[in-house]
Amino acid sequence: MPTESKTKPGAQDQCPSTRGEKSPTKPRVPHTEVGAGRTGRAYWRSLEDLADTASFREWLEKEFQPGASQLLDTSRRTFVKLMGASLALAGAATLPGCRRPDHKIHAYSKEVPEEIIPGKALYYATSMPLPGGGAEGLLVETHGGRPTKIEGNPLHPINQGRASALAQASLLGLYDPDRLFAPEFTDYPAQNGEQRTWDDFVALWAKHRDEKGIDAGNGRGVAIIVDKQTSPSLDDMRSRVLRKWPEAEWVAYGAMDADAPRLGAEKAFGRALRESLRVDRAKVILTLDRDILLHEAGSLSNTRGFAAGRRADTTGASMNRLYSVESGFSTTGAKADHRLALPPSQIGGFLVRLARALGDRAEAQMPAEVVSAVRSAPAGGTMPIEESKLAAWIDALADDLVAHRGESLVVAGPSQPTAVHALVHAINAALGNIGNTVSFREMLADER
């Protein structure tokens, strides 16, 4: 049984587990009166305070919560001993897990390279291939032989001292604990959790090459899958492999690859071409569901060119103008002077209407076969915008594009179909943009 509280007459014992509990001698000030005398407004600190129930008032006025006096059933000395012993046991159990792991790191062999100075950064100039083709020139800062920071190479014509988000994020992959450390065999998994090594691969490859007669069959049945990259070293390796095994399959694959831009170029020009944008030369830019300022390999140079066109350094200089037609929010749409939101399925219809408006203007006559195809193409159905507003939008855009022949640019995103990309190329050709604001080059084998 708990000991009876010994208090002086008139004192208040607010522990609910003791005997002789009394109500608070000083009543609580209601929330409706807090601050009312100073500001004339009533304030409350929580929803429970606003409700001002009896249970909340009882909980608020008590100094100790229920069960607090039961801790004093024994002597204070016993309580302190038990608490001290509990803390000591808890510390002894967790202390080894709190210390820094004792890892032995051997960064170098017996002789440290002379260019490595502890505490001093060492920089390396390198390049990084980008998804879908292209590369960035980078400057990598290292400490103790380990990369710690990536920046753009100021001497590189594309980067000029800047680095894209892809390049910055690539550093994290070097320290990713879940990255692939060793080769994996699908049909021959490692035993007892041991990792395979490249020596295992060499031994297994020699066994398969002899048993299946790969050399005698000129590589028949061998498939090599690589990333889509523009790399002279990878191209040389490809030619050497296919020279030795002509029957082997060399496949370039991209997990997020889109074939529509390549097929659109083949339909427009008769061969696979890769476009290169010169945004700095464009006075009027139209993007169709494409984020040229962020989500593509050339976003770094596109952003620099777009920013250069926004500077009015001399008297009478004008800034470029950006039109964006897109189905979702993007960085390019946020920077656009005029933005039109359309579903992805209706962007093709919008482009057809724009092509018709351009074809009606003598300054931008397109080839006869293109005009015939545009005339017979559907207009895209009902648009989620008033017809009068859409017509005014297209007319103003067409006038702006025609007024800046050779200084305009029309681009479409990879999610758009092949016909849209082919029509975009026809519009750029009719406006005289090819060779000025957009150019093309042959795609390498691993880009297709």
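In this predicted model, ring pairs join F185, W198 and F201 into a cluster. The whole structure contains 6 aromatic pairs. One of them is formed by F185 and F201, whose ring centres lie 6.5 Å apart. The planes of F185 and F201 make an angle of 40°, and the pair is tilted. This pair links distant parts of the chain. F185 sits in the loop between α4 (165-174) and α5 (198-211), whereas F201 belongs to helix α5.

F201 is partly exposed, at a relative accessible area of 36%. The rings of W198 and F201 are centred 5.8 Å apart. Their planes stand at 85°, so this pair is edge-to-face. W198 and F201 both lie in helix α5. Because they are 3 residues apart there, about one helical turn separates them. W198 is exposed, with a relative accessible area of 57%.

Helix packing was examined next, with α10 as the point of reference. Helix α10 (residues 344-359) packs against helix α13 (residues 418-430) at an angle of about 25°. The axes of α10 and α13 are 11 Å apart. The angle falls under 35 degrees, so α10 is roughly parallel to α13. The crossing of these two helices is left-handed. On the α10 side, G348, L351, V352, A355 and L358 make the contact. The α13 side supplies V420, L423, V424 and I427.

Helix α10 also packs against helix α12 (residues 387-403). Here the angle is about 55° and the axes are 9 Å apart. The two helices are therefore oblique to each other. The crossing of α10 and α12 is right-handed. From α10, the contact involves F350, R353, L354, A357 and L358. From α12, the contributing residues are E387, L390, W393, I394, D395, L397, A398, L401 and V402. L358 takes part in the contact of α10 with α13 and also in the contact with α12.

Helix α13 also holds H425. This residue is buried, with a relative accessible area of 7%.

Of its 448 residues, 30% are buried. Among contacts with a separation of 6 or more, 60% are between residues 24 or more positions apart. The protein exposes about 28900 Å². Carbon and sulfur atoms supply 55% of that area.

Methods
Residues numbered from 1 in each chain as written. Predicted model: local features only at pLDDT ≥ 70, side-chain atom pairs only at ≥ 80, totals over all residues. Heavy atoms only, no water. Buried < 20%, exposed > 50% of the residue type's maximum accessible area, 1.4 Å probe, protein only. Contact = heavy atoms within 4.5 Å. Areas by Shrake-Rupley, 256 points an atom, 1.4 Å probe, with all protein chains shown as cover. Phe/Tyr/Trp six-rings, centres within 6.5 Å; stacked < 30°, edge-to-face > 60°. Helix = DSSP H or I, 4+ residues; strand = E, 2+ residues; numbered from the N terminus. Axes fitted to C-alpha atoms, helices over the stretch in contact; angles between N-to-C directions. Parallel < 35°, antiparallel > 145°, perpendicular 65-115°, else oblique. Left-handed = near helix turned anticlockwise from the far one by under 90°.
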